[in-house]
Amino acid sequence: MKGFTYEIRTGETDMFGLLPPAGLLKACLHCNMMQTESEGLTAGRLKEEFGAVWMLGGVRLRQTKPVYEGETLEVFVFSRGVEGCTYVRPIEVFKAGDRISEVKLSYITVREKDRRILRPSAVEEFWQNPLPLSDTEAYKKITMPAEAANAGSVTVRRSDCDINGHLSAFNYANLICEALGWWENGPKIASTFQIDFRSELLPGENVSLYETHSGDAFTLKGCKENKTTAFTAECVMSRTGFE
């Protein structure tokens, strides 16, 4: 386990002065990459030796207290585990000594030229015989209800995409929050926020959204024009934790 500090800067907070799920995800991904590179598997080495890049398979986030501009987070990044072809990384986030968020990242290595997934054992000698994850560490995929209401559609802009040429994780989070009414009716935090990435969203692609909800719990699915599922998401909104 390694700890990092992350200060919330101007421009990272939203209309309520709060760090939204996309901002918390950004902080955790930044610290995860720093830890991964300190373990020897830098993005440069991955690309040079294997022609591959990191790609998120999913993220699960739980938050108990809000985070404001100017506050400093302590982000503790734990050892990676392996589930099949997927790396799983637990992260805990503290503010002023209190744990305010638990995050689990699920990510893969993908060969750039054909988008083929590489098994961890093919990339790192350390993972030739990985230990299995315990049930409490396992990353569980979202089950989307069969009946869902149409929640509109969005088109992916080039400015929404990252260096891999597809919609960035932060912009997935913002898209989901916007579709679910995150910024309506006052500030809130995500008791649970999970995204399962199913297929890449590229510039110019149109995504149809389908939603179900019960109380403060929502699920959202994004589908491409060819009916392929691009992502599924789950969010439980909470107004607790505010002073």
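## Two hairpins around S11

Gly 215 takes a positive phi near 65° in the hairpin of S10 and S11, which has two residues between the strands. This is a predicted model, in which local features need pLDDT of at least 70, side-chain atom pairs count only at pLDDT 80 or more, and totals for chains, interfaces and linings use all residues. Residues are numbered from 1 along each chain as its sequence is written, and side-chain values use heavy atoms, with hydrogens and water left out.

Strand S10 (residues 206-214) pairs with S11 in the antiparallel sense over seven bridges; two strands pair if DSSP finds at least two bridges between them. Strands here are DSSP runs (E, at least two residues), numbered from the N terminus. Tyr 210 stands opposite Lys 221 in S11.

On to the next partner: S11 and strand S12 (residues 229-238) run antiparallel, joined by seven bridges. Gly 222 has Phe 231 in S12 as its bridge partner. Five residues lie between the strands in this S11 and S12 hairpin, where Lys 227 takes a positive phi near 75°.

## How covered is S11?

Strand S11 (residues 217-223) is mostly covered, with five of its seven residues buried. Buried means under 20% relative accessible area, with a 1.4 Å probe and protein chains only.

Conventions: Buried < 20%, exposed > 50% of the residue type's maximum accessible area, 1.4 Å probe, protein only. Helix = DSSP H or I, 4+ residues; strand = E, 2+ residues; numbered from the N terminus.
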